[in-house]
Amino acid sequence: MTETVTSPPPGSEDGGRPLREWLARNRRENPVRWDEATRSCQVFGYAETQHMLKDSQTFSSDFGRLVPAPQGEAATTAEGRPVPNLLEGHLSVTDPPRHSKLRKLVAQALTPRAVLALEGKITEITAGLLDAMAGRDEVDMVTGFFNPLPVTVIAELLGVPAADHAMFRGWADDLVAANHDASAVDAERLKLPENMNALLLQMQDYILDHAAQRRREPADDVLSRLVAAEVDGERLSESEVFTITLMMLLAGHISTTLLLGNSLVCLDENPQAAAALRKNPAAIPAALEEVLRYSPPAPLAYRLTTRDTTLGGVDIPADVMVASWVLSANHDERQFTDPDTFDITRSPNPHLSFGHGIHFCIGAPLGRMEARIALRMLLERCGELRFAEPPVPYTSPTVLGSKRMVLSRPVV
Ligand code: HEM
């Protein structure tokens with residue numbers, strides 16, 4: 001264990017170029033690096049990342065081991081209400097056997113039929129957002145299109161009444177600011193635990209109220225199916241219903257927003273690809289897979305080792321954090337031909353941007369459908385895509401994409 005990571009990764013400013021170069025250098029030198037100083041491991045290679053994601057017994061997602069449940073005063077608000085425990089029911093941070101059970105319960109609610117049934121609604125929401133841009137000189141595509149689309153879709157999927165959509169979107173914005181945008185004024189406000197707890201309790205009351213209503217009068221929506229789902233005679237607890245709903249809202253919207261924004265950047269940098277897609281919209285699904293490979297919305301995956309192990313020839317002790325760079329794996333020259341070329345005809349395209357193994361994104365069919373519809377309609381309705389100013393990237397290393405993207409006269 002003599003390898004050290006020579007320097008910390010650059011942020012994703014400047015379109016992520018310095019970060020991509022740093023990753024390429026590390027990947028070529030050593031696909032897996034152990035850093036004795038921080039006692040942590042970074043993974044840069046494709047085969048090694050895939051292995052880590054697949055071996056969930058050695059590489060655990062249960063970060064609850066590191067964060068003890070809040071005790072005493074920290075477990076309740078000033079009014080004496082229990083603070084929601086967001087680890088309970090959180091698929092991404094749960095290991096088998098609990099994970100397998102939870103995932104089956106969620107799959108009963110998020111069925112392929114429920115996702116397919118949303119196609120018309122997604123088209124309608126997209127058309128409305130594009131109509132609202134018509135004739136405007138400058139539009140921030142993130143706040144005007146890429147963010148409201150997936151949040152409204154998740155609200156529809158859960159069965160949140162249309163009258164509450166704006167409130168629901170406000171919560172989603174606050175959660176994204178708190179999780180990924182250290183520079184936002186709102187993030188500062190939400191760093192205060194009492195403010196974050198107040199937001200979570202407000203959401204919890206709202207969602208559990210609706211869940212109770214669906215228990216009494218089931219409807220054809222995901223929330224009704226979540227409260228009714230049963231595996232081995234077991235149903236989800238109240239707090240699990242809340243966490244799963246919150247997780248869908250967060251996981252389901254930020255990644256889709258980023259994917260749409262990253263598509264715009266890729267098409268701006270590759271105008272011949274944009275022209276090809278306008279001519280042949282049937283090529284859009286493959287182009288989106290290439291955007292996912294080239295610029296994965298979630299560029300990093302974290303795991304905790306449960307035992308001493310070896311990855312890519314490097315010894316890793318038990319109980320340490322392993323950070324796998326999906327962004328680097330997707331550009332590994334040992335796996336992809338010309339990995340730094342954006343090629344919308346790339347086939348096969350086994351990128352790892354939806355994960356791999358037991359935690360593979362359960363919302364991938366929905367994310368893909370939303371992005372396909374949005375990109376097709378955007379290319380139909382928009383003339384030339386022209387940025388009025390350079391896109392403003394997120395600086396958090398956990399997300400890759402832009403928080404502001406202003407286009408000049410996108411829809412005339
Ligand atoms: C298109 C954009 C999306 C991308 C790039 C994406 C990416 C990912 C990735 C990489 C993971 C695996 C994380 C890990 O291994 O630790 C994941 C898991 C997950 N995603 Fe997505 N996601 C997207 C859309 C969605 C949508 C629309 C939903 C919800 C409706 C969703 C819900 C989830 C959930 C619940 C998990 C946890 C699955 C598990 O741990 O078993 N995602 N996603």
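What follows is a short chat about the fold and the ligand shell.

This is a predicted model, where local features need pLDDT of at least 70, side-chain atom pairs count only at pLDDT 80 or more, and totals for chains, interfaces and linings use all residues. Residues are numbered from 1 along each chain as its sequence is written.

Reader: Which helix gives the most to the shell around the ligand?
Author: Helices here are DSSP runs of H or I with at least four residues, strands are runs of E with at least two, and both are numbered from the N terminus. Two helices, 238-269 and 364-381, each supply at least two residues of that shell. The top giver, with seven residues, is H12.

Reader: By class, how many residues of the shell around the ligand are charged?
Author: Ala, Val, Leu, Ile, Met, Phe, Trp, Tyr, Cys and Pro count as nonpolar, Asp, Glu, Lys and Arg as charged, and the others, Gly among them, as polar. The shell has 13 nonpolar and nine polar residues, and the charged count is one.

Reader: Which strands stand at the edges of the sheet?
Author: Five strands form an open, mixed sheet in the order E1-E2-E8-E5-E3; two strands pair if DSSP finds at least two bridges between them. The edge strands each have a single partner strand, so one side of each is left without a neighbour in the sheet: they are E1 and E3.

Reader: What is the bridge partner of Phe59 in E5?
Author: E3 pairs with E5 (residues 300-305) in the antiparallel sense, over two bridges. In E5, the partner of Phe59 is Thr305.
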